[in-house]
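Student: Before I rely on any label attached to this model, I would like to see the value and the rule behind it. Could we go through them together?

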Amino acid sequence: MWRLALHTVSYAGFWRGQARLNVEDVIRRVKNLGFDGVMLMAKRPHVSPLDYRQEDYQRLRDLLEEQGVAVACIAAYPDLTAGIDRPMAPFTEIQVLYLTELAKMARALNTDLVRVFTGFERSGIPFETHWEACVRGLKEAAKRAAEFGVTLAVQNHHDIACHCDSMFWLLEEINEPNCRAAFDAWSPVLHGLRGEKLAEAVRRMAPWIAYTTCADYWALPRVEYNVPMNSFRFPSEPAYWAVPMGEGVIDYPSFFTALEAVGYKGWVAYEMCSPLRGGGSLENLDRAAAMFVSYMREEKWRRGPGA
């Protein structure tokens, strides 16, 4: 029912043992895995605006058309609170320029969506200062993107406005029609929202949701060894590592049921961007990607965990 996209970061070689492919080889792979499109990572080693000119976009468009693959969105990597402790340097302007270039890239590659982040909190800086930097940067970037008919989709990923209530407030304050949400299940579940509470978060965010990206995770328990007491401090914060869809702790049955109920019609993307059970070989990455397609196409999420 939804179009499925594979995030090219899944084959970018960023985490331990992960195979690394160039963007052309990822594009050649996705159709055979069952995807309709790609989410293009807008940094090296994939599609950095530093490396792409019009002739490069034309070459990429030709390959996408040949493979029958659409571009679901451009994945941007801003951090709008970077340099907040060094106001002499124009960090906001630099990042708005980056996002403007990605809006041009989106148009060149026949998509109208750029996924963006907010920013991380820096120690010793008031929260309101972080918030204002994100509002100001995203508002200006959205206005620039509008010139190219492009929407910015803010992912609930970074520190600022990661919680759904905070993101709702942030988007209201930005108040630009082309600044919306790339709303994922991962962070709300880790914030303690499951079942009806997760569905309620989807309903609250529904007017803003323009995109969503999926991955499933196991929570790996951690303990700290207390040497003097010959004992352990437990629990420590768990580590979350990726497993195939439906095998982890993220409540996708509640999430997708709620998305369907609110009439979401956009893309559903899949990414592998952390250590993955089974390792990072091409064979294991392909296996996990194909399992995501099966999980979605066969609507296994309707049957609950482990379907």
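**Values set against their rules**

Tutor: The protein chain has an accessible surface of about 14,100 Å², and 52% of that surface belongs to carbon and sulfur atoms; such areas come from the Shrake-Rupley method with a 1.4 Å probe, and for residues only the protein chains shown count as cover. This is a predicted model, in which local features need pLDDT of at least 70 and side-chain atom pairs count only at pLDDT 80 or more, while totals for chains, interfaces and linings use all residues. Residues are numbered from 1 along each chain as its sequence is written, and side-chain values use heavy atoms, with hydrogens and water left out.

Student: What makes the protein chain as compact as a globular protein of that length?

Tutor: The chain holds 9 helices and 10 strands, which are DSSP runs numbered from the N terminus (helices H or I, at least four residues; strands E, at least two). Its radius of gyration is 20 Å, close to the 19 Å that the globule rule gives for 307 residues, so the chain is as compact as a globular protein of that length. The radius is taken over C-alpha atoms, and the globule rule is 2.2 Å times the number of residues to the power 0.38.

Student: Why is Cys162 called buried?

Tutor: Buried means under 20% relative accessible area, exposed over 50%, and partly exposed in between, with a 1.4 Å probe and protein chains only. Cys162 has a relative accessible area of 12%, and therefore it is buried. Buried residues make up 54% of the 307 residues in the protein chain.

Student: How do you know that the sulfur of Cys162 is too far from that of Cys164 for a bond?

Tutor: A disulfide is a pair of cysteine sulfur atoms within 2.5 Å. The closest cysteine sulfur to that of Cys162 is in Cys164, at 9.5 Å, and so it is too far for a bond. Cys179 is in no disulfide either, since the nearest cysteine sulfur, that of Cys134, is 11 Å away. By this rule the count is 0 disulfides.

Student: Why does Asp184 count as buried, and which residues does Asp184 touch?

Tutor: Asp184 sits in the loop between strand S6 (179–182) and helix H6 (186–190), and its relative accessibility is 6%, so it counts as buried. Leaving aside residues up to four places away in sequence, Asp184 touches Gln155, Asn156, Thr212, Thr213 and Phe255, where contact means heavy atoms within 4.5 Å.

Student: What makes Ser281 count as partly exposed?

Tutor: Ser281 lies in the loop between strand S10 (268–270) and helix H9 (282–297). Its relative accessibility is 32%, so Ser281 counts as partly exposed. Not counting residues up to four places away in sequence, Ser281 touches Gly17 and Ala19.

Student: Ala161 and Asn175 each have a positive phi without being glycine; why does Ala161 count as buried and Asn175 as exposed?

Tutor: Ala161, with phi of about 65°, is in the loop between strand S5 (151–155) and helix H5 (164–174), and its relative accessibility is 4%, so Ala161 counts as buried. Asn175, with phi near 55°, is found in the loop between H5 and S6, and its relative accessibility is 55%, so Asn175 counts as exposed.
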